[in-house]
Structure formats: structure tokens, C-alpha cells
Amino acid sequence: TDCSPPTAVANVSQYACQRRTTTENHNKIFTDVMEELAESSEFNESKGPCLAFRQAASVLKSLPSAVQCLEAIQGLPCLGEHTKAVMEEILTFGRSFKVEELRCDERYQALKLFTSVFGVGPKTAEKWYRRGLRSLKEILTEPSIQLNRMQRAGFLYYSDISKAVSKAEAEALGCIIEETVHWIAPDAILALTGGFRRGKEYGHDVDFLLTMPEMGKEEGLLLHVIDRLRDQGILLYCEYQGSTFDVSKLPSCRFEDMDHFQKCFLILRLEQGQVEGERGQQRDPGDSRGWRAVRVDLVAPPVDRYAFALLGWTGSRQFGRDLRAFAQKERQMLLDNHALYDKTKQLFLPVTTEEDIFAHLGLEYVEPWQRNA
Ligand code: ATP
Ligand code: MN
Ligand code: MN
């Protein structure tokens with residue numbers, strides 16, 4: 001087999017923000033396994049190994065072709081001994097026994113199942129597992145378990161929201177959100193973010209950013225939008241979080257910290273007839289409802305923070321994580337979804353576009369569809 005020459009891998013950066021990663025992944029057989037191992041490490045609260053597997057998967061996703069032999073990955077960053085051993089197994093046997101073992105593991109199976117419910121994180125999943133619960137049905141029939149509102153919605157719409165959202169469905173939702181937002185405020189600014197902005201064909205939800213051209217006018221907007229969605233009868237669930245944004249605060253150095261913008265996590269009802277390509281189409285006979293539930297996130301930053309919010313919410317997670325690590329370690333700057341701060345000059349850097357942020361960091365601009373790290 002042809003092992004790519006060393007020059008092909010010579011210049012791969014350890015930072016995802018210095019790589020271009022499209023949705024075309026030539027190394028899916030490796031990255032799927034790495035991501036499962038990362039998830040398993042996360043369940044075991046092994047943060048180091050979890051990050052290492054995610055970084056390894058991310059590097060492999062950026063490669064222009066499939067890895068055919070171990071020699072081809074020599075010199076690539078972020079691939080540790082553990083990762084290389086797994087890759088060797090896959091190259092030799094076409095599969096990883098370690099991962100196959102993991103897939104059969106009762107704890108892993110249960111935690112994966114539980115965390116697939118909207119509103120259930122690793123902590124809750126672990127708690128349920130420790131109580132001896134193994135299936136969703138057992139959770140629902142266990143009288144001592146108190147589900148919160150989000151989890152109740154998660155179970156109620158489980159079959160719908162665990163189904164991937166297609167690009168056509170995301171576009172149909174985009175039309176509904178746009179009509180709703182512009183009915184309230186004709187000059188509002190609305191953008192699709194998340195995986196669909198990166199050109200993904202499928203997603204677990206649809207993410208939007210909205211703001212007003214005049215500072216402060218965005219304040220009541222989100223609550224109006226929510227009211228209007230409710231009036232239209234398409235609001236199935238809404239978790240609203242008001243703004244806790246403080247302009248004087250330095251950007252957070254921890255990537256895990258959520259941002260402070262006004263936002264809402266929704267479940268919306270999407271009529272099948274509103275989706276391009278499914279209009280008048282014969283529906284699955286077992287599914288005579290003609291609609292599905294979809295998870296939607298709306299975030300409303302003030303307009304002067306729009307570029308930061310857009311960059312942060314476009315993702316991918318790994319891309320954002322590395323962008324912030326790069327800023328800190330290589331530039332002595334602090335970046336988060338709200339601001340960019342230069343620690344050497346002790347000042348906040350002025351930004352209006354995503355391009356400005358890359359320029360301040362001394363990075364070549366990476367297009368949204370190249371951020372699938
Ligand atoms: P998917 O197709 O699975 O939805 P995605 O990349 O759109 O993939 P999301 O979980 O929707 O994933 O998140 C989109 C981006 O927004 C990610 O980069 C993530 O870091 C960021 N993000 C998600 N939730 C929050 C939050 N509560 N606060 C700040 N940023 C968030
Ligand atoms: Mn998303
Ligand atoms: Mn989201």
C-alpha cells in the first residue's frame with residue numbers, strides 16, 4: 001500500500017484553528033472509535049484521556065486522505081501511544097477489540113443511553129446507573145425518580161429528538177424563525193450557526209443567533225419570539241435563560257464555562273409539509289402524525305458581541321476549544337464568546353467580524369465549512 005510521503009503530514013498544526021477540516025472525513029473508521037473512547041473516558045471522569053482522544057480524532061479528520069499504515073501518521077501531532085495502538089489494531093484487523101469490548105460494557109451502554117435523553121448529563125446518568133437502572137423504561141417506571149421539566153420533555157419527545165435533523169428540516173425551521181423574528185422586528189439580524197453553518201448534512205439540533213442593529217434593543221427580543229412561537233402553536237418546550245453578561249469581566253479561561261448571553265433551548269413542532277422535498281410525499285405509514293419535534297437553540301447577544309458569539313456558536317467544539325487554547329498559550333490573549341483581551345497590552349481588542357478575531361490572533365481566516373474539527 002502507498003504510504004503518504006512525509007511531506008503530506010509535515011505541517012499539521014496541533015491546533016485545530018490552524019487546520020482546515022471540511023465535513024469530508026477520510027478517516028471515519030478511526031475517528032468514530034476515538035470518539036467512543038473519548039465518551040467512555042468522559043463517563044469515567046478521565047478528563048486527560050478524553051481530551052487526548054478528541055484531539056487525536058480531530059487531527060485525523062483534517063487529513064486529505066485515509067491513513068493506510070502507521071508510517072503515514074509519523075510526525076502528526078496529538079497522536080499518543082494509546083491512540084496509535086488502537087489505530088494499529090484497526091489497520092491490522094479492520095476493527096478495534098478494545099472498542100468492541102467497550103460497546104458490550106453494561107455501564108457504558110446504560111450511560112450512553114441515559115445521556116441521549118435531552119436534559120440528562122453524565123452525573124444524572126451515573127446516579128441512575130448506581131441505583132441499578134438500565135433502560136429508559138425502568139427510569140420512567142421507577143417511582144422514586146423525580147424528573148425535572150427538561151428531562152420530562154426529553155422523554156416525551158425522545159424518539160423525535162434522538163433522530164437526526166436534516167439540512168432540509170433545518171432550512172424549514174430557518175424560514176419559520178426568520179418569519180417570526182422579522183414579524184416582531186423587521187430589522188433584526190438572524191444567522192444560522194452550529195453544525196449547519198459548517199455545512200453539515202445532519203445535526204442533533206438547529207442553532208440560531210439573533211440580535212438588533214441598535215445596542216440594547218435585543219433585550220426583550222427573545223421573550224417576544226418565544227411568545228410568538230407559542231401563539232403559532234409550535235412551541236413544545238422552552239427553557240429560557242436571561243442575560244448574565246457583564247461587560248467589565250475578562251474573558252473566561254475555562255472552555256467549559258457557558259456564555260452569559262440571553263438564550264433559550266427549545267423543542268419546536270415542525271410540520272412535514274413545510275419541509276422541502278417532503279411536500280405531499282408519501283409518509284411512513286407507521287407515522288401518520290405529519291410532524292416531528294426538533295431541538296432548536298436561540299442565542300441573543302448584544303450587537304457589539306455578535307462576532308464573538310457567532311464564532312463560538314458556529315463551533316465545532318474542538319475548533320473553539322483550540323482557538324481559545326491558541327489565544328492563551330501562543331498569544332497571551334483571552335478569548336471567549338464575549339470578548340478578546342490582550343494580556344500584554346492589558347486591553348480589549350476591537351472586533352466587528354469573525355475575520356477581525358482571526359486577524360488579531362495572527363491566524364489565517366478559516367471559513368465556517370473548514371471548522372469541522
Ligand atoms: P450538532 O449537529 O450535533 O448540533 P453542533 O456543532 O451544532 O453539532 P451544538 O451542541 O449545537 O453542536 O453546539 C454548537 C456550538 O455552540 C458548539 O461549538 C458549542 O461549543 C457551542 N455551545 C453549545 N451550547 C452552548 C452553551 N450553552 N453556551 C455556549 N456555547 C455553547
Ligand atoms: Mn447544533
Ligand atoms: Mn445547540
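Start by selecting strand E5 (residues 235–241) together with strand E6: the two pair in the antiparallel sense over six bridges. You are looking at a predicted model. Within this pairing, pick Leu235 and you will find Leu268 as its bridge partner in E6.

Click on Cys264 and look across to E7, where Leu298 stands opposite. Is E6 covered or open? Strand E6 (residues 262–271) is mostly covered, with eight of its ten residues buried.

Asp207 sits in strand E4 (residues 206–211) and Asp297 in strand E7 (residues 291–300), so the pair ties together parts that are 90 residues apart in sequence. Both Asp207 and Asp297 are buried.

Which residues touch the most other members of the largest nonpolar core? Select Leu60, Val67, Phe114, Trp128 and Ile139, out of 39 residues in that core. Several helices supply at least two residues each, including helix H1 (28–43), helix H2 (47–61) and helix H6 (122–130). Colour domain 1 (6–101) and domain 2 (106–156) separately: both give residues to this core, so the core lies between them. Zoom in on Trp128, whose contacts include Phe114, Leu133, Ile139 and Phe155. Another core, of 31 residues, lies apart from this one, and among its members are Leu173, Leu210, Val296 and Ala300.

Finish with charged pairs; the structure holds 25 salt bridges. Show the side chains of Arg107 and Glu126, which meet in one of them at 2.5 Å, N to O. This pair links distant parts of the chain, with Arg107 in helix H5 and Glu126 in helix H6, 19 residues apart. Arg107 counts as partly exposed because its relative accessibility is 22%, while Glu126 is buried at 15%.

Then go to Lys263 and Asp259, whose closest N and O atoms are 2.7 Å apart in a salt bridge; both residues are buried. Your last stop is Arg371 with Glu354, a salt bridge with its closest N and O atoms 2.9 Å apart. Glu354 belongs to helix H15 (354–360), and Arg371 to the segment after that helix. Both Arg371 and Glu354 are buried.

Conventions:
Residues numbered from 1 in each chain as written. Chains lettered and ligands numbered in written order. Predicted model: local features only at pLDDT ≥ 70, side-chain atom pairs only at ≥ 80, totals over all residues. Heavy atoms only, no water. Helix = DSSP H or I, 4+ residues; strand = E, 2+ residues; numbered from the N terminus. Buried < 20%, exposed > 50% of the residue type's maximum accessible area, 1.4 Å probe, protein only. Core = buried A, V, L, I, M, F, W, Y, C linked by side-chain atoms within 4.5 Å. Domains from an automatic or database assignment. Contact = heavy atoms within 4.5 Å. Pairing = 2+ DSSP bridges. Salt bridge = Lys/Arg side-chain N within 4 Å of Asp/Glu carboxyl O. Lists of a residue's contacts leave out its neighbours within four places in sequence.
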